[in-house]
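Welcome, and thanks for taking a look at this one with us. Here is a short briefing on the metal sites, grouped by topic.

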Amino acid sequence: MELIFLGTGAAWGLPELNCTCAICNDMRSRGERRTRTALMLSGQSNLLIDCGPDITHQLEQHQIRHIDGLLITHEHGDHYLGLDELFVFKRIRPRGAFRPIPAYMTAHTWDVIKQRFGYLEEMGVIVVHTICPGRWFDHGPYHILPFKTEHGSFAKGSVGYLIQFRGNTGKQTRLLYTSDFMDILETYDDLLHPDYLVIQSFWLNEPVHNRPHHMSFQRAIHYIQQLDPIRETFLVHMGDADKVPGDPANTMLKKYDPKEPLRPPNSSEPYPIPLNHSQWQQTITKIMADRHLPHKVKVAFDGLRIPL
Ligand SMILES: [Zn+2]
Ligand SMILES: [Zn+2]
């Protein structure tokens, strides 16, 4: 079994098209790229989690030959606009040989998505199963608990997923994925102490106004402590909305002032805003060490593969 980070970027990917902010410029100069966030649990049964506009490139990159199930977290374009691309899995099979891909999501999320992609069910590309937060369901080797998250009024169907399966050592393994969120609305004991946590980290510092209802690393620290993953935490869905001191691009609409930026202990100087992958990792490792937090936190990147 393997967890593949197909994409780890925010809604428009990074670097963003035409964006000349310090973050996008730095990433561009290094050839770094984060496509829209999507995950794949790969093994005898391939479970895709979200299906954004970059999905063809992402599946091609990892030579994924079949998708056996699909979890959609919510009805935002960066998480479902690639659904039509799944048609190719049907097109390459002999007539009558293809079985529609089971797609799981809340009823509210499907209500929104079906306005655009309802034909995929009519044409037998996917078969939709609506799921309820708090209610376990099974898909192949996976035992799955959706849980309700708060992600703003344009994503009322938002859920995260706890996925339980037999890992490579034969041991039960639990992976918790929050997807985009600013709060977990119902917490169950089942969510505590997963083996692995994949959590959104859209900004480093919590902004004064969290209008898009996303999670900053600053606030994610509390969730990491509360959920208390046993083995490892991965950060995904990075954006470029932190203001980098002195950057003329700070006037852009997407840039946010921090409420009270993270600072090292006994220092008045905030942690520098990470511009690229290695700076993200250095900053996160330092923050965790400065706070004497025992959790291992890895900043995920596109193409990262973790054997589970
Ligand atoms: Zn998103
Ligand atoms: Zn979203």
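Predicted model: local features only at pLDDT ≥ 70, side-chain atom pairs only at ≥ 80, totals over all residues.

His151 is buried, its relative accessible area being 2%.

**The site of ligand 2**
- Distant parts of the chain are linked here: His151 sits in the loop between β8 (142-150) and β9 (159-166), while Asp180 lies 29 residues away in the loop between β10 (172-177) and β11 (183-184).

**The site of ligand 1**
- Asp78 (OD), His79 (NE2), Asp180 (OD) and His237 (NE2) coordinate the zinc ion (ligand 1), at 2.1 to 2.2 Å.
- The donor residues of the zinc ion (ligand 1) are spaced D-H-x100-D-x56-H in sequence.
- Here too, distant parts of the chain are linked: His79 belongs to helix α3 (residues 77-80), and Asp180, in the loop between β10 and β11, is 101 residues apart from it.
- With angles of 89 to 165 degrees between its 4 donor atoms, the zinc ion (ligand 1) has an irregular arrangement.

- Asp180 coordinates both the zinc ion (ligand 1) and the zinc ion (ligand 2), which are 3.4 Å apart.
- Asp180 counts as buried, at 1% relative accessibility, and His79 is buried as well.

How values were computed. Residues numbered from 1 in each chain as written. Chains lettered and ligands numbered in written order. Heavy atoms only, no water. Helix = DSSP H or I, 4+ residues; strand = E, 2+ residues; numbered from the N terminus. Buried < 20%, exposed > 50% of the residue type's maximum accessible area, 1.4 Å probe, protein only. Donors = N, O, S within 2.8 Å, 3.2 Å for Na, K, Ca; no water. Tetrahedral: all angles 85-135°; square planar, octahedral: opposite > 155°, others 65-115°.
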